[in-house]
Amino acid sequence: MFNLFGRFSLIISFAFSSVLAQSFADFKRVQSESFTKFRDKKDNEFNKYLQAQWKEYTAYISSPMYQKPKPKLLPSLAQKKPQSVGPNLVVTLKPFIVKNLKRPVKKQKDYMLSFIFFGTSLGFDFDKQIKNATFYPRTQKGISNFFSVLAASDYDNILYNIKLTCKAMNLNDWGMYLLVNTLSQSVFKTADNAKLLSWFLFNKLGYKVKIALGVDKHIVLLHAIKGIMYATPNYMLGKQKFYVIAKYNKENIGNIYTYIQDYPEATKILDFRLKTVPKFKPNMHIKTVSFKEYGKVYKVSYKYNKNLIDFMSTYPQVDYKVFFNAPLEYETYKDIVQDIEQYTENKKASEALNFVLHFVQKAFKYERDDEQFGREKVMFAEETLYYDKSDCEDRAILYARLVKDLFGIGVVGVKYTDHMSTALHVPMRGDSVKVAGQKYVIADPTYINASLGQNIPKYKSIMPESFVYVK
């Protein structure tokens, strides 16, 4: 019996070894074939960089948005009706053409790959050879091998469909970043393989993106970005700073090994600006908020698209101007205009501006980000309307957006070391700041019951750290 068992084990061992040998032979064949079939001439040269000696780089963590903790509780004033001054302000509804999402008509089952992207069903076809790529061995050589397989594949179709989808859905660079990563994670379930596919696609799309090896032999994806990303590991590669976006607001990942050369003709850097709202499948909800003003209760109701809220919630901490200058979704904006218009009709400028200020102050509860989200989070105006709670910069962004859109008045964000407020370019008395030689009157959306020109006493004698211009 022992001999039979030994003989059986030996047969199994030989069979298993044979399978491994065949698999490894197939793997080597795919790799060797790919080297001779690069479809783009510049990939041959770039692959040499991937095989050359890489250097070690030290990580830095970008500074947090606030040097001091934001106040846990803010003061309030006894409500007092301010003087009514200025001309009557007219609320105008800006024209906006809503275009339907258009994608090539094709049944989802006909696609090789399909997934849901913020409520929208997407499908992609791609060359089967792409799935032959694998990060093996787990070294610099494995990265070169992976690149070689992809460079020899027919990747044009997948690039074309990424561009087509971004255009159809009106995605900005951040939306494109999320789309490429979601697609890559759908093709490869292994995180390192998915990151390598994303890196290849980003480069082919013309973006400055590098790949690196961490000390743990895992893949690190590095992006060049426009502006700054707070509380995120980053590396200075030549004259360009590259961020590990996936590690935003997380631990330092330490030293990495990577190359200095850019992929040929990859010159674009990730731009977080949200100039227009992405077009996701509608998932509309209605919210009503209320607040009390001089003994009367006012209600404001508006629709919002939960898919858009989910997209916005993915944003990391980037430049404040990104959040201050992002538009409201048109359905939300239209509803708010209609309600505020009826409450401010035939009102003087100061009354209308103070009404909107008190709406932002009192229709939402104050809570710091670390208590609500466990981390610092800046909200778009659309998000502040969605959540029941918000802190100073969220309210400042919402008030600035409403004032600019409803009345067309000049407004800036006013940043202190531990607080954010707003100021308006209006000829009124009260606490003010100088911005480029111009007087801007303080309007603090967090100072409960305060009206235009009333600053929190603590900040009256403090010079603001910076200003954010609102377009």
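This note reviews selected side-chain contacts and surface features of a predicted model.

1. Basis. Local features require pLDDT of at least 70 and side-chain atom pairs count only at pLDDT 80 or more, while totals for chains, interfaces and linings use all residues. Residues are numbered from 1 along each chain as its sequence is written, and side-chain values use heavy atoms, with hydrogens and water left out.

2. Salt bridges. The model holds 23 salt bridges, each defined as a side-chain nitrogen of Lys or Arg within 4 Å of a carboxyl oxygen of Asp or Glu. One of them joins Lys-204 to Asp-40, with the closest N and O atoms 3.4 Å apart. Lys-204 belongs to helix H6 (residues 191-204) and Asp-40 to the loop between helix H1 (2-35) and helix H2 (41-51), 164 residues apart; helices (H or I, at least four residues) and strands (E, at least two) are DSSP runs, numbered from the N terminus. Both Lys-204 and Asp-40 are buried (buried means under 20% relative accessible area, exposed over 50%, partly exposed in between; 1.4 Å probe, protein chains only).

3. A bridge between strand and loop. Lys-287 and Asp-388 form a salt bridge at 2.9 Å, N to O. Lys-287 is in strand E10 and Asp-388 in the loop between H12 and strand E13 (389-390), so this pair ties together parts 101 residues apart in sequence. Lys-287 counts as buried because its relative accessibility is 12%, whereas Asp-388 is exposed at 52%.

4. A bridge within a helix. Asp-310 and Lys-306 meet in a salt bridge of 2.5 Å, N to O. They are four residues apart in helix H7 and therefore separated by about one helical turn. Asp-310 is partly exposed at 29% relative accessibility, as is Lys-306 at 22%.

5. Aromatic pairs. There are 39 aromatic pairs, counted for rings of Phe, Tyr and Trp (its six-membered ring) with centres within 6.5 Å; planes under 30 degrees apart are stacked, over 60 edge-to-face and the rest tilted. Phe-117 and Phe-118 are edge-to-face because their planes stand at 70°, with ring centres 4.9 Å apart. Phe-117 is buried at 2% relative accessibility, and Phe-118 is buried at 18%. Tyr-315 and Phe-380 are also edge-to-face, at 4.9 Å centre to centre and 90° between the planes. Tyr-315 lies in the loop between helix H7 (306-312) and H8, and Phe-380 in the loop between helix H11 (369-372) and helix H12 (381-386), so the pair ties together parts 65 residues apart in sequence. Ring pairs link residues including Phe-117, Phe-118, Tyr-315 and Phe-380 into a cluster.
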